[in-house]
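Colleague: I have this model open and would like to learn how to read it. Could you walk me through it, one feature at a time?

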Amino acid sequence: MITAADEKLLRRAIDIAAQAVTLGDAPYGSLLAGPDGEILIEAHNTVRRDNDIAAHPELKLARWAARELDERTAARTTMYTSCQPCGMCIGGIVRSGLGRVVYALATEQLVALNPGSVWPTVEQYGPALFEEARVPIDTYYRS
Ligand SMILES: [Zn+2]
């Protein structure tokens with residue numbers, strides 16, 4: 001469920017995305033809000049500027065939360081983001097323990113607006129070499 005308070009913060013994320021464009025960066029913006037709706041931190045996409053494929057705002061905020069917030073606090077935050085987080089970012093969001101994500105454009109909507117936004121795929125092969133590959137895992141988790 002998305003409330004009127006959520007929409008207010010979501011509009012701020014869209015404003016951050018618009019501001020990113022004026023700075024020469026890609027049009028994606030996000031913020032992380034605490035349980036009372038207070039903005040903790042904001043970020044926009046700096047992939048081009050930083051020459052860093054991981055410089056998506058959602059991942060920046062997730063990494064910040066993992067570093068700066070305790071688990072309980074992180075679980076009470078909400079990320080507001082101008083577009084639905086990509087696969088890379090959702091992984092970081094889940095690992096950082098954020099409580100919730102509210103986004104404006106769904107991935108399908110973004111792709112309809114810009115077909116170049118299709119998330120690429122890569123061929124993956126496996127599993128293989130189980131007995132060999134399990135050794136470092138067993139060594140780490142059973143000691
Ligand atoms: Zn992303």
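Colleague: Let's begin with packing. Which elements do the buried residues of α3 pack against?

Modeller: Bear in mind that this is a predicted model. To read packing, take the buried residues of an element and look for their contacts elsewhere. In α3 the buried residues are Pro 57, Glu 58, Leu 59, Lys 60, Leu 61, Ala 62 and Ala 65. They pack against the strands β1 (29-33), β2 (39-44) and β3 (78-83), and against the helices α4 (71-74) and α5 (87-96).

Colleague: At what angle do α3 and α5 pack?

Modeller: For a helix pair, look at the angle and the distance between the axes. Here the angle is about 15° and the axes are 8 Å apart. Angles under 35 degrees count as roughly parallel, so α3 is roughly parallel to α5. Their crossing is left-handed.

Colleague: Which residues make that contact?

Modeller: From α3 come Glu 58, Leu 59, Ala 62, Arg 63, Ala 65 and Ala 66. From α5 come Met 88, Cys 89, Gly 92, Ile 93, Arg 95 and Ser 96. By type, the residues of this contact divide into seven nonpolar, two polar and three charged.

Colleague: Now α7: how many of its 12 residues are buried?

Modeller: The count is zero, so α7 is hardly covered. Helix α7 covers residues 130-141 and reaches 16 Å from its first C-alpha to its last, close to the 16 Å expected.

Colleague: What should I look for in the backbone angles?

Modeller: Most residues other than glycine have a negative phi, and most peptide bonds are trans. Exceptions deserve a look. Asn 51, in the loop between α2 (47-50) and α3, has a positive phi of about 50° although it is not a glycine. Leu 129 also goes against the rule, with a positive phi of about 55°; this residue lies in the loop between α6 and α7.

Colleague: Could we try a strand residue? Why does Tyr 103 count as buried?

Modeller: The cut-off for buried is 20 or more other C-beta atoms within 10 Å. Tyr 103 has 20, so this residue is buried. Its place is in strand β4, residues 100-105. Leaving aside neighbours within four places in sequence, Tyr 103 is in contact with Thr 81, Cys 83, Gln 84 and Pro 85.

Colleague: Finally, how many helices and strands are there in the protein?

Modeller: Seven helices and four strands, running α-β-β-α-α-α-β-α-β-α-α from the N terminus. Buried residues make up 27% of the 143 residues. The C-alpha atoms fill a box of roughly 50 × 40 × 30 Å along the principal axes.

Definitions and conventions: Residues numbered from 1 in each chain as written. Predicted model: local features only at pLDDT ≥ 70, side-chain atom pairs only at ≥ 80, totals over all residues. Helix = DSSP H or I, 4+ residues; strand = E, 2+ residues; numbered from the N terminus. Contact = placed C-beta atoms within 7 Å. Axes fitted to C-alpha atoms, helices over the stretch in contact; angles between N-to-C directions. Parallel < 35°, antiparallel > 145°, perpendicular 65-115°, else oblique. Left-handed = near helix turned anticlockwise from the far one by under 90°. Nonpolar A, V, L, I, M, F, W, Y, C, P; charged D, E, K, R; others polar. Expected span 1.5 Å × (residues − 1).
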